[in-house]
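Colleague: I would like a close look at one part of this model. Please keep it brisk.

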Amino acid sequence: MIINNFECAPILLIGFNRPDYMAAQILALKPAKPCKIYFAVDGPRKDKPEEATLCQQVREIIKLIDWPCEVKTLFREKNLGCKYGVSGAITWFFENEPEGIVLEDDCRPTVDFLRFASEMLARYRDDTRIGAVCGFNFFNLQTDKKASYHFSRHMDVWGWASWRRVWRDYDIDIANDPQRVCALVDGAIATPYYKKFYKKIALGSKNGLPTWDVQFSLLFLEKGYLSVVPEKRLVANVGVSDCRATHTGGYVYWGREWTIPGSITFPLVAPDNTTCDEA
């Protein structure tokens, strides 16, 4: 189905206990009317009985999809958390689709992002140098002002898209091997800041990483992937300072501008070269 002059790629929506966020997410998708949505909702935590009602409310948000759309669901009865719940949902998604867009409930996409991601997925489908398409440009930096996007060695998961060919190599347990992580980071092309960051995060937890995304970033270092990043932020992180957020909740001073997305002009203008922008 082609709406607004583009055919939206399949979308995975990942939710948990915030029905207000998921309802807003569905409304954000409505203008693009994607024809395939995968809907994954984690289960309630044992020590928080009130979450059973909240998780059920999130599941029922699916009723807001009132356009022609194939919907598949993955509803967990038990809580798997940020590490296994999110990564498991993404694995489920790419088992069913060769490529698509991944959105957690607080990563609010613009229609421009949905079109941008869909076009970039098609353009770089067979380019094994490219590992993902990002929707988040932290500070709206880009060296080539004439291009619509640039390439980065780093991966941001606040609204992104990728291919099965990339996710199939994802290793959730990579951070459990300190020697492998150190060797990987030391041998990778990255700034000293990022090398220190990856080592600190991956090796700093005595009980292993409680999340899934750092492992994905380590995959990018291991494979030397580049990500496609738009010239301007096309996804808003509306939950970065929400007290309900697992890792950033309560930090009200964090990135207020990150809640404000921009726009991009179509047709897109590709960079002259597929090389990393060091901006």
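Is helix 1 (residues 19-29) mostly covered or mostly open, and how many of its residues are buried?

Modeller: A caution to start: this is a predicted model. Helix 1 is mostly covered. Of its eleven residues, eight are buried. They are P19, Y21, M22, A23, Q25, I26, A28 and L29.

What does the covering? Several elements contribute. Strands are among them: strand 1 (11-15), strand 2 (36-41), strand 4 (99-104) and strand 5 (107-109). Helices are included too, namely helix 2 (51-60) and helix 4 (111-123).

For contrast, turn to the surface. Y193, F197 and I201 form a nonpolar patch there. Together they have about 290 Å² of accessible area. I201 belongs to helix 7 (residues 192-203). Its relative accessible area is 31%, so I201 counts as partly exposed. Patch members need over 30%, and I201 has 31%.

Now the cysteines. A disulfide is a covalent bond between the sulfur atoms of two cysteines. The structure holds zero disulfides. The cut-off for a pair of cysteine sulfur atoms is within 2.5 Å. Take C35. The closest cysteine sulfur to its own is in C69, 7.0 Å away, so the two are too far apart for a bond. C35 is partly exposed, at 24% relative accessibility. Then C276. Its sulfur has C134 as the site of the closest cysteine sulfur, and that lies 12 Å away, again too far for a bond.

Methods:
Residues numbered from 1 in each chain as written. Predicted model: local features only at pLDDT ≥ 70, side-chain atom pairs only at ≥ 80, totals over all residues. Heavy atoms only, no water. Buried < 20%, exposed > 50% of the residue type's maximum accessible area, 1.4 Å probe, protein only. Helix = DSSP H or I, 4+ residues; strand = E, 2+ residues; numbered from the N terminus. Contact = heavy atoms within 4.5 Å. Patch = residues over 30% accessible without salt bridge, like charges linked within 9 Å, V, L, I, M, F, W, Y side chains within 5 Å. Areas by Shrake-Rupley, 256 points an atom, 1.4 Å probe, with all protein chains shown as cover. Salt bridge = Lys/Arg side-chain N within 4 Å of Asp/Glu carboxyl O.
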